Amino acid sequence: MASTRFILHPVLGHQRSRKIFFLYLALSITIGLLVNWKMDSLLHQAGIYPEMIRDGRNGLASILLSTNTRLFLVLFSALIAGTLTAKHVVGPVNRIRNWLEDWEKGIDVPKLAVRKGDKFSDLVRLLNEFRDKIQQSRQ
Amino acid sequence: MRRHFITHPKFQTAFTLSFVVGALLMVLIIGGANILALQMLANSPTLPMAQKTALAQQASSFYQLILWLGLLTVAGLTPFALFLSYKFIGPLNRLELWMEQNLLGQDPPFLTLRKKDEMMPVSAVLGRLLHKYSARLRRQ
């Protein structure tokens, strides 16, 4: 699945996107701490204590305010943000690099294709031109 | 010193947008979950009326915090994202130009990029390939 590929490969497998992910993680931890601190102080001011809401009688609210959910949301939001950015940055460059490395190894590479309007379309056009010239010279 | 930070407007806009939208999503996901919990508690049948009223009265300060966090995220991260996008895409122009010169058989000097440049591994492999096939390119 394309989305799984983005999470498992570029976000955590590439140095640049890993850095961006950790940056997002630091940001989401800060946001999470601020928001949860404000929420807890608001509940405290209203005289609502954790044991009153975490006893399961408040259904979804109990789940949303549990420590596990809060931690999950912090991690999940950083991962979503990291994936969004990696999709723009790391994916196309990795693809171009792999294509070049395959060619260097002597593998007969097909034409490199990019989506219409891709920011690397000029470079890809030049690379394909280079490949065509070399193939023509072989013949 | 490089002065132009916007060299590929289309890419840089898309990158900056995705970076800022990603950060905004974090505020929305974390803040939204808490707002939902707050709303549910304010309407919960298990809590006394006095507590529900107090919660509803103080909720506006919480919404303000979420709003400020969102605004600060956009204002603080936009220039940073633009800078990051430049760091990433800056060498692409040079790489394209260098590639064009090679294809025209002009034999330009080897392209040197900074170690931290994102396009560095691409240019290194490409340099080796061009060196390998330079004679064939010149013949054409």
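**Cavities**

I looked up the second largest cavity, which holds about 40 Å³ of space. The model is a predicted one, in which local features need pLDDT of at least 70, side-chain atom pairs count only at pLDDT 80 or more, and totals for chains, interfaces and linings use all residues; side-chain values use heavy atoms, with hydrogens and water left out. Residues are numbered from 1 along each chain as its sequence is written, while chains are lettered from A and ligands numbered from 1 in the order in which they are written.

I noted the meaning of a cavity: on a 1 Å grid over the protein atoms alone, it is a set of points where a 1.4 Å probe fits but cannot get out, and its lining residues have an atom within 4 Å of a point. Grid points are joined across faces, edges and corners, and the volume is the space filled by probe spheres set on the points. I found two cavities of 30 Å³ or more.

I then listed the lining of the second largest cavity: A:Asn36, A:Leu64, A:Arg70 and A:Leu73 from chain A, with B:Ile30, B:Ala33 and B:Asn34 from chain B. Helix H5 (67-104) of chain A and H1 of chain B are the elements that give two or more residues to this lining. The largest share, three residues, comes from H1(B). I sorted the lining residues into four nonpolar, two polar and one charged. Here Ala, Val, Leu, Ile, Met, Phe, Trp, Tyr, Cys and Pro count as nonpolar, Asp, Glu, Lys and Arg as charged, and the others, Gly among them, as polar.

**The two chains**

I counted six helices and zero strands in chain A, and three helices and zero strands in chain B. Helices (H or I, at least four residues) and strands (E, at least two) are DSSP runs, numbered from the N terminus.

Of the 139 residues of chain A, 44% count as buried; in chain B, buried residues make up 46% of 140. Buried means under 20% relative accessible area, exposed over 50%, and partly exposed in between (1.4 Å probe, protein chains only).

I also checked contacts, meaning heavy atoms within 4.5 Å. Among those in chain A between residues at least 6 apart in sequence, 58% join residues at least 24 apart. For chain B, residues 24 or more positions apart account for 71% of the contacts with a separation of 6 or more.

**Helix H2 of chain A**

I looked at H2 (residues 15-45) of chain A, which has 31 residues and reaches 45 Å from its first C-alpha to its last, close to the 45 Å expected at 1.5 Å a residue. The expected span is 1.5 Å times one less than the number of residues. Just after H2(A), A:Gly47 takes a positive phi of about 80°.

A:Gln15 lies in this helix and counts as exposed because its relative accessibility is 53%. I found A:Gln15 and A:Val90 75 residues apart in sequence and 9.5 Å apart in space, C-alpha to C-alpha.

A:Leu27 is also in helix H2 of chain A. With a relative accessible area of 27%, A:Leu27 is partly exposed. Leaving aside neighbours within four places in sequence, A:Leu27 is in contact with B:Ala23, B:Met26 and B:Leu77.

**Aromatic pairs**

I counted seven aromatic pairs over all chains. Rings of Phe, Tyr and Trp (its six-membered ring) pair if their centres lie within 6.5 Å; planes under 30 degrees apart count as stacked, over 60 as edge-to-face and the rest as tilted. B:Phe15 and B:Phe19 form a stacked pair, 6.1 Å centre to centre with 25° between the planes.

Both lie in helix H1 (residues 9-42) of chain B, four residues apart, about one turn of the helix. An α-helix has 3.6 residues a turn, so residues three or four places apart point the same way. B:Phe15 and B:Phe19 are both buried.

**Two buried residues of chain B**

I looked up B:Trp98 in helix H2 (residues 49-103) of chain B. B:Trp98 is buried, with a relative accessible area of 6%. B:Trp98 and B:Pro108 are ten residues apart in sequence and 6.9 Å apart in space, C-alpha to C-alpha.

B:Val125 lies in helix H3 (residues 120-139) of chain B. Its relative accessibility is 3%, so B:Val125 counts as buried. With residues up to four places away in sequence not counted, B:Val125 touches A:Leu100, A:Glu101 and A:Glu104.

How values were computed
On a 1 Å grid over the protein atoms alone, a cavity is a set of points where a 1.4 Å probe fits but cannot get out, and a pocket is an open set with protein on both sides within 12 Å along at least five of seven lines; lining residues have an atom within 4 Å of a point.
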